[in-house]
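Visitor: I am new to this structure and would like to learn how to read one of its helices and the surroundings of its ligand. Could we look at it together, step by step?

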Amino acid sequence: MRRALLFRGRKNLQKLRERGSKRRRLDYTKAMSQSGRNTAFYPLCGPDTDRPDQDDGDLAVAPAKPQLKRPPLYRVVLLNDDYTPMEFVVQVLEQFFGMNREKATQVMLAVHTQGKGVCGIYPQDIAETKASQVNQSARDSGHPLLCEAEPSSDDDED
Ligand code: TYC
């Protein structure tokens with residue numbers, strides 16, 4: 001190609017360049033407008049009525065209603081014991097459950113007097129992660145504090 005061009009005049013060369021660049025642009029545009037139609041991305045480009053190969057006839061077509069369901073919820077429950085310092089429990093409630101000091105103190109005292117108490121309600125994976133973070137933190141600090149995740153019955157409503 002390079003050698004062939006050497007023998008053409010300047011004007012010819014100029015024409016060739018113009019023609020070449022026009023062609024490239026035209027081909028590109030055409031390719032873009034055609035190529036999407038047969039791909040999985042085509043429906044994202046607009047309503048189905050634009051699609052030449054799909055005909056719904058006289059039927060009214062309603063979009064399918066998404067079938068959504070809330071994830072089952074789990075309670076994170078803190079258990080009382082005789083050895084874990086109250087201050088440690090308060091700090092755990094602040095750190096892992098986002099409670100302020102006043103709320104954390106209330107919950108800690110409720111657990112202390114009633115034997116157990118709910119720290120929060122979450123989807124299963126989050127509840128289990130929080131419970132195991134609390135248990136790990138207690139173990140790391142040498143305290144017997146225990147935390148559990150259990151299915152909650154509060155998630156019945158649809
Ligand atoms: N009962 C503990 C004490 O008297 C305090 C405590 C509160 C421990 C709550 C655990 O989940 C707990 N030091």
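Predicted model: local features only at pLDDT ≥ 70, side-chain atom pairs only at ≥ 80, totals over all residues.

Visitor: Which residues of α4 are buried, and which are exposed?

Guide: The general idea is that an α-helix has 3.6 residues a turn, so residues three or four places apart point the same way. In α4, the buried residues are Ala 104, Val 107, Met 108 and Val 111. Because they cover an arc of only 100 degrees around the axis, they lie on the same side of α4. Glu 102, Thr 113 and Gln 114, on the other side of α4, are exposed.

Visitor: How many residues does α4 have, and what follows it?

Guide: α4 has 14 residues and spans 20 Å from its first C-alpha to its last, close to the 20 Å expected at 1.5 Å a residue. After α4 comes Gly 115, with a positive phi near 95 degrees.

Visitor: Which elements supply the shell around the ligand?

Guide: At least two residues each come from β1 (73-79), α3 (86-97) and α4 (101-114), and α4 gives the most, with 3 residues. Of the 13 residues around the ligand, those that come nearest are Leu 78, Thr 84, Val 89, Val 111 and His 112.

Notes:
Residues numbered from 1 in each chain as written. Near = placed C-beta within 6 Å. Helix = DSSP H or I, 4+ residues; strand = E, 2+ residues; numbered from the N terminus. Expected span 1.5 Å × (residues − 1). Buried ≥ 20, exposed ≤ 12 C-beta atoms within 10 Å, placed from the backbone. Arc of directions from axis to C-beta.
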